[in-house]
Amino acid sequence: MISVGIVDYGVGNIHSLSKSVRIAGFRPEISSSKELLSKSDIILLPGVGSFSFAIENLKKSGLDSFIIKQSKINKPIIGICLGMQLLCSNSTEGGINKGLGIIPGKIKRMSNSKFHIGWNSIQLKNKNHFLKRFNNHEFFFNHGYQFEGNQKYVIAETEFEKSFPTIIKKNNTIGFQFHPEKSQKAGIQLLKKTIKSISNIE
Amino acid sequence: MIKKRISASVIVKSNRVVQSISYRKYLPIGSIEPVVENLDRWGVDEIIIFDIDRSKNSLGPNYDLIKAISSIPISTPLAYAGGINNYKDAIRVISSGSERVIVDNLFFKNPKNIKNISNAIGSQALLLALPLTINKNGIFHYNYLNKKSKLLDLHKILDLKPYFSELIIIDYLSQGFDSKFDIGLLEMFNENDIDLVCYGGIGVSELSSQILANKNVKSIAFGNILNYGELKFQEIKKSIKYSKKNLRRSIFREKI
């Protein structure tokens with residue numbers, strides 16, 4: 001069974017995420033131990049929180065350099081919501097803070113200082129992507145900051161005043177701006193498909 | 001396009017779900033797990049838990065209850081209100097399984113802590129809930145701890161606006177009654193860009209569509225009515241006349 005190491009860095013809905021990973025058919029392992037996390041097949045970076053607080057916590061525990069190292073050896077990594085934003089170069093939330101820099105791009109406040117909260121659909125840019133069956137499906141969003149970066153990393157976008165990236169990917173690292181674990185059936189199926197596809201383990 | 005939400009509110013008192021009428025009378029419903037499990041199965045857009053005796057009894061948030069809910073498990077977004085006093089409480093509520101936290105009396109008691117919570121969990125994850133009532137003298141906030149009402153100062157809310165994402169307006173006197181929500185409560189916010197969740201006596205009628213048509217309203221929440229039958233949520237959603245394209249399609253029994 002594929003093991004999913006959920007990074008516990010003091011921020012994030014680790015309990016509900018762990019349950020969703022289990023429903024999707026995988027073995028969740030919540031941990032802040034680099035040794036334990038490195039043994040898992042996939043690393044999952046959760047996040048409900050502010051960027052500045054979260055990156056500070058990652059740095060304090062040394063998990064920031066650990067995650068960067070894992071990406072360099074091509075370990076599959078999934079970032080969810082704030083977890084996705086942390087994978088990027090920097091963010092303006094709570095001052096300008098450097099991110100992990102795994103996916104190049106900036107995190108900026110959404111236009112008109114709006115919050116994007118609730119259910120919205122995603123539109124895949126490449127209709128042959130492994131997530132193609134989720135094109136136009138609705139997922140649960142809860143954020144006020146968004147990704148801005150090179151389009152080559154953008155897998156899907158969502159319409160909110162104007163389109164913005166909601167799934168980004170570079171090599172074996174993928175980030176979701178929405179919460180698959182809180183998006184009912186479609187979310188669990190998307191999580192399942194993603195974990196299977198990027199882990200390369202059947 | 002972001003959809004307006006039809007949310008479910010669950011009132012918890014002494015670890016049991018109750019039907020609440022005007023914040024005065026409470027009728028027992030039962031254990032929380034089956035109630036929440038049904039709401040999740042029916043595909044409600046969000047579940048809002050009001051754990052009403054935590055602040056009153058200085059108990060702090062009920063982490064075991066939140067963990068029990070997320071262990072069912074459910075995959076519906078969860079917001080929790082109950083005894084949250086500081087950012088450490090808020091972080092623990094989120095790690096226990098709730099995506100969003102709701103504060104009420106803290107807004108008046110210690111607004112500085114609202115800023116601290118927001119700095120830790122992000123303002124998108126923080127909601128403010130206010131039990132309100134309206135009369136010819138204005139809009140009054142009801143403090144359920146000392147059971148007193150005070151004229152609401154909109155400036156105080158606007159000062160804190162960067163620190164919370166949505167304001168839950170509770171027409172507490174209408175709670176438990178059908179189609180009694182006072183739409184006049186929304187007028188005060190019309191000139192200000194504050195995202196609102198409306199709750200308390202909305203009922204299944206034209207009123208729900210009128211409330212949803214307000215530009216600031218992002219969600220309406222139903223409470224007691226959801227306990228009156230199997231698949232009640234589907235019935236409510238079907239009956240709402242408000243533009244279907246602005247609401248999420250029903251996902252119950254949907255195959256992905």
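Guide: Let's begin with Glu235(B) and Lys232(B), whose side chains meet in a salt bridge at 2.9 Å, N to O. In this predicted model, both residues sit in helix 8 (residues 232–239) of chain B, and because they are three residues apart there, about one helical turn separates them. Elsewhere in chain B, salt bridges with shared partners join Arg5(B), Glu46(B), Arg100(B) and Glu166(B) into one network.

Next come Asp195(B) and Lys218(B), with a salt bridge of 3.9 Å from N to O. Asp195(B) belongs to strand 11 (residues 195–199) of chain B and Lys218(B) to strand 12 (residues 217–222) of chain B, so this pair ties together parts 23 residues apart in sequence. Asp195(B) is buried, at 11% relative accessible area, while Lys218(B) is partly exposed at 24%.

Finally, follow a pair across the chains. Glu99(B) forms a salt bridge with Lys182(A), and their closest N and O atoms are 3.7 Å apart. On the chain B side, Glu99(B) is in the loop between helix 3 (87–96) and strand 6 (100–103); on the chain A side, Lys182(A) is in the loop between strand 14 (173–176) and helix 6 (184–199). Both Glu99(B) and Lys182(A) are buried. Over all chains, the count comes to 13 salt bridges.

Key: Residues numbered from 1 in each chain as written. Chains lettered and ligands numbered in written order. Predicted model: local features only at pLDDT ≥ 70, side-chain atom pairs only at ≥ 80, totals over all residues. Heavy atoms only, no water. Salt bridge = Lys/Arg side-chain N within 4 Å of Asp/Glu carboxyl O. Helix = DSSP H or I, 4+ residues; strand = E, 2+ residues; numbered from the N terminus. Buried < 20%, exposed > 50% of the residue type's maximum accessible area, 1.4 Å probe, protein only.
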